[in-house]
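Visitor: I have a model open on my screen and would like to learn how to read it. Could you walk me through it?

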Amino acid sequence: MALLLRSARAVGAERGTLARPQLPASLAQASKTSIPFVPVDWVFRFFPYFSRDKVRFMFRFNQISFGCGLGYFYLWCHTPYKCDNYDHFDESMLYKYVKGNLEKTGQLEENLRVKVKHFYPQTEE
């Protein structure tokens, strides 16, 4: 395998063209030329105080990006009290197999009988 790769590289070197994969220019420049959802030339045109200094611009860019990421996580992806009920999840085949075996032997009823269903000790009334 190594011999094949070495010979292919040698053939490419003889031709003077070593194939190097390159990204499209628009994709390569995307991280350098944009704030999320806002073209950078608009920032320099409409917010001169915001972009007066390269260091200040980088600092604000990092602050805005961090805020957008935090907001995305906590406001969109982390909605409170969603998916807090496990009744709708599908049970796996292994779970069904083990549960079926426990039902056949009668161990499931015994396990459910001795299962603790409360965290704090209950006083009998």
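Guide: Gladly! Let's begin with the surface: the protein exposes about 12,400 Å², and carbon and sulfur atoms supply 62% of it. Accessible areas come from the Shrake-Rupley method with a 1.4 Å probe, and for residues only the protein chains shown count as cover. This is a predicted model, where local features need pLDDT of at least 70 and side-chain atom pairs count only at pLDDT 80 or more, while totals for chains, interfaces and linings use all residues. Residues are numbered from 1 along each chain as its sequence is written, and side-chain values use heavy atoms, leaving out hydrogens and water.

Visitor: Where is confidence lowest, and where is it highest?

Guide: pLDDT is the predictor's confidence in each residue, from 0 to 100. The protein has a mean pLDDT of 78, with 71% of its residues at 70 or more. Strand E1 (residues 34-35) is lowest, at a mean of 56, and H5 is highest, at 95.

Visitor: How many helices and strands are there?

Guide: Helices (H or I, at least four residues) and strands (E, at least two) are DSSP runs, numbered from the N terminus. The protein has six helices and two strands, in the order α-α-β-β-α-α-α-α from the N terminus on. Helix H5 (residues 93-105) has 13 residues and spans 19 Å from first C-alpha to last, close to the 18 Å expected; the expected span is 1.5 Å times one less than the number of residues. Just after H5, Gly 106 takes a positive phi of about 85°.

Visitor: What is the relative accessibility of Leu 70?

Guide: Buried means under 20% relative accessible area, exposed over 50%, and partly exposed in between (1.4 Å probe, protein chains only). Leu 70 lies in helix H4 (residues 54-77) and is partly exposed because its relative accessibility is 40%. Of the protein's 125 residues, 6% count as buried.

Visitor: How do I read aromatic pairs?

Guide: A pair of aromatic rings is described by the distance of the centres and the angle of the planes. Rings of Phe, Tyr and Trp (its six-membered ring) pair if their centres lie within 6.5 Å; planes under 30 degrees apart count as stacked, over 60 as edge-to-face and the rest as tilted. The structure holds two such pairs. Phe 73 and Tyr 74 have ring centres 4.8 Å apart and planes at 85°, so their pair is edge-to-face. Phe 119 and Tyr 120 also form an edge-to-face pair, with 4.9 Å centre to centre and 85° between the planes.
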